[in-house]
Amino acid sequence: MKRLTKFAAVLAALSLLASASAHAEGRIRIAEQFGVVYLLLNVAQDGKLIEKHGKRQGVDIDVDWIKLSGGAATNDALLSNSVDVVGAGLGPLLTAWDRTAGKQNVRAVASLGSFPYYLISTNPAVKSIADFGPKDRIALPAVTVSVQARILQMAAARQWGDAQFRKLDPLTQALPHPDATAAVIAGKTEINAHFANPPFQEQELAGNPNAKIVLDSYQVLGGPSSATVLYATEKWVKENPKTYRAFLDALVEAAQLASTNPEAAADAYLRVNKNSIDRALLIKVIKNPKVQFSVAPQNTLGLAQFLHQVGAIRKKPESWRDYFFAHPALAKGS
């Protein structure tokens, strides 16, 4: 839990800075989380692509990178003006979009690609979500609001009906992905399941012979889906057009590199994150045929409309464009 305490301290420090007036064009503060789902940001950071595209727009951009864990923390950071852009799951985005309508008007600026998220369990008795019992504990980055929590609710609604969409919520526990992975691999804590993301899910499958996939997010969402996105307030997007454009251009370049040169993207991830993940495993994750790198969102509306259907959000999205800012790079979204 020390990691969570550290995140709280970071967020508190950032909040002190937020009391200053809105910054001028040419600065961007980005909050990201853990995993290969943030690879495009890692590639952009490693290659200083935002700064590169800023110069093409005639502006020198200072980029601040902040690491947080969980959609609740990222939403707090964004709405307190501690950061300008946050990376989080589709679930936290939709929560922020719904709650800030007519105020900060939060919307997504880009997808970070499509990745399958696996619900891993080490309990031999658990073959599907119907087998989870009161002693099971499912780690995920944030209870209720994280995209993993929302996908689990969607799966529960299909299993037991919409009225029971929160049936598995009492079994969930907020834990950063690295800590949850360590717990699952060691098998010595109450955490015996983890709704993860790459590469943590692959590390668990390789590191604990009892670990198995109970649920694949693609099964719930009906195919490849952009579960992780970047979002910002309307005010920041409107007041920083050159920085915003440079940011999107940098992400597009990062997506092209990840798609065409997985080895180089893997090396960028390792340099930025400074962790000990096996390089071969990391490259395998990036090359997974189920993984797609694109800033245009894919297959997001189903989850959005489900959340409205069960009352988790008040506004009903009619199109993915309702909760994304318009940008040419996103034209083929869904």
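## Lining of the largest cavity

The lining of the largest cavity comprises eight nonpolar, eight polar and no charged residues; Ala, Val, Leu, Ile, Met, Phe, Trp, Tyr, Cys and Pro count as nonpolar, Asp, Glu, Lys and Arg as charged, and the others, Gly among them, as polar. The model is predicted: local features need pLDDT of at least 70 and side-chain atom pairs count only at pLDDT 80 or more, whereas totals for chains, interfaces and linings use all residues. Residues are numbered from 1 along each chain as its sequence is written, and side-chain values use heavy atoms, with hydrogens and water left out.

Of the 16 lining residues, Gln-33, Tyr-38, Gly-89, Pro-141 and Gln-148 lie nearest the centre of this cavity. Strand S3 (85-89) and helix H6 (147-160) are the elements that give two or more residues to the lining; helices (H or I, at least four residues) and strands (E, at least two) are DSSP runs, numbered from the N terminus. The cavity holds about 100 Å³ of space. On a 1 Å grid over the protein atoms alone, a cavity is a set of points where a 1.4 Å probe fits but cannot get out, a pocket is an open set with protein on both sides within 12 Å along at least five of seven lines, and lining residues have an atom within 4 Å of a point. Grid points are joined across faces, edges and corners, and a volume is the space filled by probe spheres set on the points.

## Largest pocket

The largest pocket contains about 400 Å³ of space. Its lining has 21 residues, and Phe-34, Lys-67, Asn-273, Lys-274 and Asn-275 are the closest to its centre. Two or more residues each come from strand S2 (62-67), helix H7 (177-186), helix H8 (200-207) and helix H12 (262-273). H12 gives the most, with four residues. By class, the pocket lining has nine nonpolar, seven polar and five charged residues.

## Packing of H2 and H11

Helix H2 (residues 39-47) packs against helix H11 (residues 241-260) at an angle of about 105°, and their axes are 8 Å apart. Axes are lines fitted to C-alpha atoms, for helices over the stretch in contact, and angles run from 0 to 180 degrees between N-to-C directions. H2 is therefore roughly perpendicular to H11, a term that covers 65 to 115 degrees.

On the H2 side, the contact (heavy atoms within 4.5 Å) is made by Leu-39, Leu-40, Leu-41, Val-43 and Ala-44. By class, the contact has 11 nonpolar, no polar and no charged residues.

Methods
Parallel < 35°, antiparallel > 145°, perpendicular 65-115°, else oblique.
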